[in-house]
Amino acid sequence: MRRSCEFSLIVALAVVTLVMTACMRSAPDYPTTHLAAQRPAPPIPTGYEYRKTASPATLERQGVAADGQYETYVLALPAVETNGQGPLPASVQYLKLKTPGKKKLVIVVPIYGSVSFASTMMARHLIEWQKQDTNVLLILDANEIFDGDIERAPIMMTEAELLQGVQRCVTRFRNAVINIRRMVDWAETVDEIDAAHIGVVGFSIGASVANVAMGVDARIAAGAFVLPSTKLHEILAYGHVPRWQTSIDRVRENLTLTPGAFAQKVEPILRSIDPIHFSKSIDPTRVLLIEAAQDSYVPALARKLHWEALGRPRTIRIDYDHKTAFLLSMTFLSRHFTAQAIAEFFDEIL
């Protein structure tokens, strides 16, 4: 009887795996022709400039992987002087292969203010399962970018308070981008890293941060963006993220704003961090875009405009909603479909 139950469970898991994998597919409704690969590099936008500091970064060794193939360190970077930043708002873990020679580097950006499962698993996949040619910087325990001010939204009684809260979110986003640029600064000084082969991968709002970082810093040679958030003013105004709905409804009620009027108020501020406006300088042949086909957070039109702004990069669409796409495509149920696709992309492009 027990063997029969075990066999039934194995069969069920196999069926689920096949179904999950079948739902991970490329996007047939998008044209496949890239726009011009050589795209103009604009000047660094206001808010993303900084002065490199001469103060050294420090590495504190944590240990060696169970298989002995790589070492882990905590990376600490000095503060940036010109924009008043303090220390990094998150721990950064450096996963360094023990084999000699220069390696590629991939910076893994998490879902800010949320679970770190996807980014942690991606980092392990890159350094453990691939060709032993990639070191990894993994941003850990990243502070939230939006949640804190959205939680405080119900007590906002004036338009000035609302706009100040949105501006605080924008500042945190910009600092996250600058921190990635500082990691690239550090990588350029490290003997075991080939600074001509630096990539970035991000998830959800972390994908938006990664996208903007690649758009403002030409040293990032390849990017994989998983379910990035675009048209951020609409996501806020229309309550597309369920946990934000009550707070947004309350502040709109306090200020007697319709969703459309709310979006109009915050759009000029949020434009400075929207990936759509930072994508036209990116070579589309060096981008992998992964979307959720039934994404209720990021509207279909916003996803399409973002894809066009990026120059029509290769795209994978996962036939689920935003959260379900993460839960299923990054686990054994889909044979780690998303992580495998990203690792193969970096093997090819980076």
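The legends below describe close-up views of a predicted model.

**Conventions.** Residues are numbered from 1 along each chain as its sequence is written, and side-chain values use heavy atoms, with hydrogens and water left out. Because this is a predicted model, local features need pLDDT of at least 70 and side-chain atom pairs count only at pLDDT 80 or more, while totals for chains, interfaces and linings use all residues.

**Figure 1. The protein chain as a whole.** The protein chain has eleven helices and ten strands; helices (H or I, at least four residues) and strands (E, at least two) are DSSP runs, numbered from the N terminus. Of the 350 residues in the protein chain, 54% are buried. Buried means under 20% relative accessible area, exposed over 50%, and partly exposed in between, with a 1.4 Å probe and protein chains only. Among contacts between residues at least 6 apart in sequence, 78% join residues at least 24 apart; contact means heavy atoms within 4.5 Å.

**Figure 2. Packing of helix α4 against α5.** Helix α4 spans residues 159–187, and α5 spans 205–216. Their axes come within 9 Å and cross at roughly 60°, which makes α4 oblique to α5. Axes are lines fitted to C-alpha atoms, for helices over the stretch in contact, and angles run from 0 to 180 degrees between N-to-C directions. Angles under 35 degrees count as roughly parallel, over 145 as roughly antiparallel, 65 to 115 as roughly perpendicular and the rest as oblique. The crossing of α4 and α5 is right-handed; a crossing is right-handed if the near helix is turned clockwise from the far one by less than a right angle, and left-handed if anticlockwise. On the α4 side the contact involves Phe-173, Ala-176, Val-177, Ile-180 and Arg-181, which meet Ile-205, Ser-208, Val-209, Val-212, Ala-213 and Val-216 in α5. By class, the contact of α4 with α5 has nine nonpolar, one polar and one charged residues. Ala, Val, Leu, Ile, Met, Phe, Trp, Tyr, Cys and Pro count as nonpolar, Asp, Glu, Lys and Arg as charged, and the others, Gly among them, as polar.

**Figure 3. Ala-176 in helix α4.** Ala-176 is found in α4 and is buried, with a relative accessible area of 5%. Not counting residues up to four places away in sequence, Ala-176 touches Tyr-112 and Val-209. Ala-176 and Asn-143 are 33 residues apart in sequence and 9.4 Å apart in space, C-alpha to C-alpha.

**Figure 4. Packing of α4 against helix α8.** Helix α8 covers residues 259–270, and its axis is 10 Å from that of α4, at an angle of about 40°. The two helices are therefore oblique to each other, and their crossing is right-handed. From α4, the contact uses Glu-159, Leu-162, Leu-163, Val-166, Gln-167 and Val-170; from α8, Phe-262, Lys-265, Val-266, Ile-269 and Leu-270. These residues divide into eight nonpolar, one polar and two charged. Gln-167 is partly exposed, with a relative accessible area of 33%. Leaving aside neighbours within four places in sequence, Gln-167 is in contact with Arg-174 and Ile-269. Gln-167 and Asp-149 are 18 residues apart in sequence and 9.7 Å apart in space, C-alpha to C-alpha.

**Figure 5. Packing of helix α2 against helix α11.** The axes of α2 (residues 117–128) and α11 (residues 337–349) come within 10 Å and cross at roughly 45°, which makes α2 oblique to α11. The crossing of α2 and α11 is right-handed. Met-121, Met-122, His-125 and Leu-126 in α2 meet Ala-339, Gln-340, Ile-342, Ala-343 and Phe-346 in α11. This contact has seven nonpolar, two polar and no charged residues.

**Figure 6. The two faces of helix α9.** In α9 (residues 300–309), the buried residues are Ala-302, Arg-303, His-306, Trp-307 and Ala-309. They cover an arc of only 160° around the axis, which puts them on the same side of α9; the arc is that of the directions from the helix axis to the C-beta atoms. Cover over these buried residues includes α5, β9 (287–292) and β10 (314–318). Ala-300 and Leu-301 are exposed on the face turned away from the buried side. Gly-311, which follows α9, has a positive phi near 90°.

Figure 7. Leu-227, a residue other than glycine, has a positive phi near 55° and is buried at 3% relative accessible area. Lys-231 is not a glycine either, and has a positive phi of about 50°. At 23% relative accessibility, Lys-231 counts as partly exposed.
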